[in-house]
Amino acid sequence: MRKNLDIISAYSIMLGLIILVGFLQSWSMALSILCLCLISAVMTMGANIQWGYAGLINFGIMGYTALGGLAAVLVSVPPVREAWQVGGFNIILCAFLIAFMVFSIRFIMKKYNQSKKRSYGIASIIIVGLILLRLISAPAIESIESVSPATTGFLGGMGLPILFSWIAGAFFAGALAYIIGKIALGLRADYLAIATLLISEIVISVIKHEDWLARGVKNVIGLKRPVPYEVDLQSKEWFINLVEKFNQSALNLISNTLERQEVVKQLVIESSTVFVKLCFAGLFTVVVIILLIITQKALYSPWGRMMRAIRDNEEAANAMGKNVVKQHLLIFVLGSAIVGIAGAMMVTYDGLFTPGSYRPMRYTFLIWVMVIVGGSGNNFGAILGGFAVWFLWVEAAPIALFLVNFFTSGLEETNAFRVHLVNSIPYFRFLMMGTGLLLIMRYRPKGILPEKIKHI
Amino acid sequence: MDFLNAIVLLLNYLFVPALSYGSQLALGAIFVSLIYGILRFAYFTAGDLMSFGTMFTILFTWYFQSLGINLGILPTALLAIPFGIIITILYVLIKDKLVFSYYRTQKSPPVTLAMVSIGTMFVTQAIVRIVIGPFDRRFFDGEKFILKANEFKEMTGLNEGLTIKSTQVITLFITIIVVSILFWFLNKTKTGKSMRAYSDNEDLALLSGIDPKKVVMITWLIAAILATIGGALYGLDKSFKPFTYFNNMLPIFAAAIVGGIGNPFGAFLGGYVIAFSEILLTYAYKKFFVYLLPESLEPDGLLQLLSTDYKFAVSFSILVIVLLFRPSGIFKGKVL
């Protein structure tokens, strides 16, 4: 108990802050902060596995998040039969062609030694393959995109419950991470950072502009939810009874039946959004706890010790017979898969997929701030970082407004300088994030909850 | 005649824009490369430092315009650039003193410094957005075109026009001057040589009495100068928007790495490699071949290798390919 005092106190402060938001602003707001905090926590756990356990820098978090989101669309949206009829065959043909290209290149790589002939052979396979792909896919894509472009215009998904996409998202992101890891993991730390950052940009631009896949920048809206809808709840008998029960004392004060009905109606509408968000928060908490248990177990297992050994001294670990390259690839895939889950969770929560909203500032750098601030190498720290930074990110505007008003209270309301500052309040959050990161890196470089290693 | 038309077409849509865009990237890539060579970390604030310098250039431009000062046919911004540079220099020196110098004395690993530069990136971005706002700003004044399409058509009697914007010429002109002064400085002067020595082998350089503080300070000076000039030229040519500048960080990094990071001359060429490949691969060649080929062979499609949506993706793919096959960059040569 004493040992974990810092963790417990840090978490109670965090929860206290969220509850404070509930009292000061609104419960709906507090719960949506909590939901996004939980999603951020999943993301930071993924990044923390890579950075904290293995010392790998992955600036491609945005790409995996987007792939997780894509998984949510491809799993939950019902298939567009018409689009499959007009273009499905060609698209499947393209998939086979790509698989054939990959296998033939691998076969050549294995069978022949490195030579000029081999390089030319591979290059010609790639070029011929790309031309064929273009020829086969172009008419299919055009016809798919012309199937009622205002609503569909894409192949659609599998029509399964959206919860499956959380697993599918992990697989998608893991597969991408496998490819990237194969390409880029040999690079030095800062090169790896830049390479992954740029590759994630490529992923985003593909998702944005391949409309047949997920409508691109036209967005997919109205994804199915795993929890009830507010409108349905408001007409359900048991829910109205529940709300009445909760507000018994307040309702008893109102004697007028008509007025009472009006108040109940208002309360039901308000509590339906709270209830939906509570359901989401419950689902997300389950995910966070499962991941936390798994990662904690892994951290203190022989495998976790090996990862730390690799992180702290790669050559020594290599000399002890540990396969550094393989383990790096494994942890890169695992961490990215967790980020993919978070991406799918986020799209599930929003109910829509907007490729245009994936920006490196929000989805890569902010997550890194969370990991560094929270404490790399410590799962509790990473989760706390996700909570604290997201909380600050959302609440920065009210805090900044308060500060601006406080410091310019000597000036008149219409003072140009004051008006300018008030108008630029949204951007103070960048300032807070930046100074927060700099201060933590300077005075507490291991984060709020530093890594603790049990020595047996 | 058709042949000439085709050439002019390529000049107009490919060569001239790529040349000016490449110069703007090259200026950024050189300073990223210098910082990587001498301070030894990936400087993620690059794009935002450019927007910081450009912002002050714009503010001074507005100030001069309100005073009624202008340069006639040249944009007023040219007069404002030196003042923007001074403020940017002050900013980077303060930043170095407050933030980076601590990690240098601690001998922190490059990764820590890169993280710290992400912190300064957030702060710089906030400053720019608080001071000037996130919106699109144009601050160009003076004569817009040197050569208009119509004038060119009349002059030569060709079907295709060639447009040359004055900003493109200014960009090229200033880039040539700045880059030649820089390379003269690095290769001929004693300070420049000491910088190269420091970059090659820090310990040896310290042993031979090179003052590391001076080297670091001059690196930041050069970075501030190049960032402001590059940013201001980009803003004059296109427009100033903080978000675009942040995004420009990515092709700039691509240029610096493709050219061999830590090698300013490679970075300079890398800028053009990135710019030309972006534009060459996303240009629709239909019209070009319509001029060249006989009518019976005229192409149906647009003959575009990649849609323009993938402009950024092109430069990043080049980067990935280079990293795979030549991790030290195309123009390896000597370091710095």
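**Loops, helices and the chain contact**

Guide: A place to begin is A:Arg215, which sits in the loop between helix H8 (211-214) and helix H9 (230-235) of chain A. Please keep in mind that this is a predicted model.

Visitor: What is the phi of A:Arg215 near?
Guide: Phi of A:Arg215 is near 65 degrees, which is a positive value in a residue other than glycine.

Visitor: Is A:Arg215 buried or exposed?
Guide: A:Arg215 is buried, because 24 other C-beta atoms lie within 10 Å, and 20 or more is the cut-off for that class.

Visitor: And A:Asn219, where is that found?
Guide: A:Asn219 is also found in the loop between H8 and H9 of chain A. A:Asn219 is not a glycine, yet its phi is positive, at about 65 degrees.

Visitor: How many other C-beta atoms does A:Asn219 have within 10 Å?
Guide: There are 14 of them, so A:Asn219 counts as partly exposed.

Visitor: How far apart are A:Asn241 and A:Val264 in space?
Guide: Their C-alpha atoms are 9.8 Å apart, while the two residues are 23 residues apart in sequence.

Visitor: Changing topic, how many helices and strands are there in chain A?
Guide: Chain A has 19 helices and zero strands. Its C-alpha atoms fill a box of roughly 90 × 60 × 50 Å along the principal axes.

Visitor: What share of chain A counts as buried?
Guide: Of the 456 residues of chain A, 39% count as buried. As for contacts in chain A between residues at least 6 apart in sequence, 82% join residues at least 24 apart.

Visitor: How is chain A divided into domains?
Guide: Domain 1 of chain A covers 5-79 + 156-443, and domain 2 covers 80-155. The centres of domain 1 and domain 2 of chain A, taken over C-alpha atoms, are separated by 34 Å.

Visitor: How many residues does each domain give to the contact?
Guide: Seven residues come from domain 1 of chain A and eleven residues from domain 2 of chain A. The side of domain 1 that touches domain 2 of chain A has four nonpolar, one polar and two charged residues.

Visitor: What about H16(A): how many of its residues are buried?
Guide: 13 of the 15 residues of H16(A) are buried, and the helix is mostly covered.

Visitor: Where does H16(A) bend?
Guide: H16(A) bends at A:Leu366, by about 25 degrees.

Visitor: Which residue follows H16(A)?
Guide: A:Gly375 follows H16(A), and the phi of A:Gly375 is positive, near 130 degrees.

Visitor: Now the two chains. How many residues does each chain bring to the contact?
Guide: The contact between the chains takes 31 residues from chain A and 35 residues from chain B. Helix H6 (164-184), helix H7 (189-209), helix H16 (360-374) and helix H19 (428-443) of chain A each supply at least two residues of the side of chain A that touches chain B.

Visitor: Which element has the largest share of that side of chain A?
Guide: H7(A) has the largest share, twelve residues. By class, the side of chain A that touches chain B has 23 nonpolar, five polar and three charged residues.

Visitor: Finally, what does the secondary structure of chain B come to?
Guide: Chain B has 13 helices and two strands. Its C-alpha trace spans about 70 × 55 × 35 Å along its principal axes, and 45% of its 336 residues count as buried.

Visitor: What is the radius of gyration of chain B?
Guide: Chain B has 21 Å; a compact globule with 336 residues would have a radius of gyration near 20 Å, which agrees.

How values were computed. Residues are numbered from 1 along each chain as its sequence is written. Chains are lettered from A and ligands numbered from 1 in the order in which they are written. This is a predicted model: local features need pLDDT of at least 70, side-chain atom pairs count only at pLDDT 80 or more; totals for chains, interfaces and linings use all residues. Two residues are in contact if their C-beta atoms, placed from the backbone, lie within 7 Å. Helices (H or I, at least four residues) and strands (E, at least two) are DSSP runs, numbered from the N terminus. Ala, Val, Leu, Ile, Met, Phe, Trp, Tyr, Cys and Pro count as nonpolar, Asp, Glu, Lys and Arg as charged, and the others, Gly among them, as polar. The bend at a residue is the angle between axes fitted to the seven residues ending there and the seven starting there. A residue is buried if 20 or more other C-beta atoms lie within 10 Å of its own, exposed if 12 or fewer, and partly exposed in between; C-beta atoms are placed from the backbone. The radius of gyration is taken over C-alpha atoms; the globule rule is 2.2 Å times the number of residues to the power 0.38. Domain bounds come from an automatic or database domain assignment.
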